[in-house]
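Q: Could we go through this structure together, one piece at a time?

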Amino acid sequence: MNFANHSCQSSEDLQLYQHRVYAVVYSVILAPGLLGNVLALWVFKVYIKETKKAVVFMMNLAVADLLQVLSLPLRIYYYLNNTWPFGHPLCMICFYLKYVNMYASIYFLVCVSVRRCELIMCPLRYNSSKRKGDLLICALGWLLVCLCCLPFPLLRNPSSGSDSHSSFPTSGGSATPTADDLVCFSELPMRTVSIPAAWALLALAELMGFIIPLILVLACTCLTAGSLQKPTAGAIPDRGEKRRALRMVLSCAVVFLVCFVPYHVTMPLDFLVKANAVSSCTFRDLILRCHPVTLCLASLNCSLDPLMYYFTTDEFRRRLSKPEIPQSMAFSRRLSCITGGEDTEED
C-alpha cells in the first residue's frame with residue numbers, strides 16, 4: 001500500500017503536516033501523562049486493599065497509559081528530526097505499544113464501567129473471591145490485547161522503508177535523509193496482503209476493539225443512570241453513592257467517545273486511501289489530514305484518565321491531600337498489627 005496516489009499531489013506536504021501535528025501533541029501530553037499516571041499508580045498501590053470500586057482495573061488502565069507515555073520521547077525525536085537512528089526492533093516495540101495501549105485502555109475502561117455498574121445494581125455479589133477474579137480478568141485482558149495487536153507490527157515491511165522516505169525533507173528543509181536512515185511507525189510500508197484478509201482484519205478490529213466496547217460502556221451508563229430513578233432489588237439505596245458511580249461511568253463514556261470514536265471512524269477511511277481505493281484527490285487529502293488528528297486524540301486518553309480518577313473518585317482525591325496520606329498509612333499499619341494483617345474493605 002502506498003502513502004499517496006501518484007495521480008494526486010506530492011505527499012511531502014502531508015507528511016510534514018503529520019510530523020508537526022504528532023510532535024506538538026505528543027510534547028503537550030508527555031508531562032501530564034507521565035506525572036498523572038505515576039501518581040495514580042502510587043495512590044492505587046498504597047490503597048488497593050481498602051476499596052473494591054474497580055481499583056484493580058483503574059490500576060491496569062494507568063499501567064497501559066504509562067507504557068505509551070514512556071514511548072513518547074522517542075516518537076517526538078522522530079517527528080522533529082525526521083529520522084529514526086534507534087534501530088528497527090525499538091521502532092517496532094514503540095509502534096506496537098501504541099496499539100497495545102489504545103486497546104488495553106478501551107478494555108479496562110469497559111471493565112471499570114461494568115464493575116461500577118455491577119456494584120450499584122448488585123452490590124452483594126461482590127466478595128473477596130470476585131476480587132481474585134478481577135486479577136484474572138486483567139491478566140486475560142492483557143494477553144488478549146497483546147495477541148490481537150500483533151498484526152499491526154507484523155504487517156509492516158521494513159525492507160523498503162528507506163526508499164519510500166528518501167525524499168522527505170528534514171525539519172530545516174535543507175537536507176534529506178540518507179539511505180541508512182530508517183523510517184518508522186505509520187510510514188513503514190505495508191506488506192502485501194490480500195484484500196479479503198485486509199478487510200477481515202479491519203472488520204475484526206472495528207467490531208472487537210470498538211463497536212462491542214462502545215455498546216457495553218453506553219449500556220452501563222444507561223443502567224447506572226436508571227438506578228437513580230427507581231430502586232432495584234438488592235441495589236445500593238444511597239443516592240449519593242449512585243451519583244458517584246454515575247459520575248465515574250459517565251467519565252469513562254466521555255473519554256471513550258472523545259478519544260476512540262474519531263479514530264475508529266477514520267481508520268477504515270485511511271485504510272481505503274492507503275489501499276488506493278479512493279480516486280478523489282480532495283477526499284484523500286482530507287482523510288490524510290484528519291486521521292493524524294484522530295490518532296492524537298486516541299493518545300490523549302493517557303492524560304485524561306488521571307483527571308478522571310481525580311474528579312470521579314472520592315478516595316483518590318481525598319488521599320492526595322498531604323495530611324490524609326500519612327494519617328491513612330499510619331492507621332492502616334496500626335489496623336494491620338491489630339488484625340494480624342487481615343485486609344479491610346470499604347463499601
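A: Let us begin with Y26, which is buried because its relative accessible area is 0%, and buried here means under 20% relative accessible area, exposed over 50% and partly exposed in between, with a 1.4 Å probe and protein chains only.

Q: Before we go on, what kind of model is this?
A: This is a predicted model, in which local features need pLDDT of at least 70 and side-chain atom pairs count only at pLDDT 80 or more, while totals for chains, interfaces and linings use all residues. Residues are numbered from 1 along each chain as its sequence is written, and side-chain values use heavy atoms, with hydrogens and water left out.

Q: OK, how many aromatic pairs are there?
A: The count comes to 17 aromatic pairs, where rings of Phe, Tyr and Trp (its six-membered ring) pair if their centres lie within 6.5 Å, and planes under 30 degrees apart count as stacked, over 60 as edge-to-face and the rest as tilted.

Q: And how are the rings of Y26 and Y79 arranged?
A: Their centres are 6.3 Å apart and their planes are at 45 degrees, so the pair is tilted. Y26 sits in helix α1 and Y79 in helix α2, 53 residues apart, so that distant parts of the chain are linked; helices are DSSP runs (H or I, at least four residues), numbered from the N terminus.

Q: Is Y79 buried or exposed?
A: Y79 counts as buried, because its relative accessibility is 6%.

Q: What about F210 and F256?
A: Those two form a stacked aromatic pair, 6.2 Å centre to centre with 10 degrees between the planes. F210 lies in helix α7 and F256 in helix α8 (residues 239–259), so this pair ties together parts that are 46 residues apart in sequence, and both F210 and F256 are buried.

Q: Changing topic, which residues lie nearest the centre of the largest pocket?
A: They are Y103, F152, L201, A205 and M267, out of 42 residues that line the largest pocket. On a 1 Å grid over the protein atoms alone, a pocket is an open set of points where a 1.4 Å probe fits, with protein on both sides within 12 Å along at least five of seven lines, and lining residues have an atom within 4 Å of a point.

Q: Which helix gives the most to that lining?
A: That is α7, with 10 residues in the lining of the largest pocket.

Terms used. Helix = DSSP H or I, 4+ residues; strand = E, 2+ residues; numbered from the N terminus.
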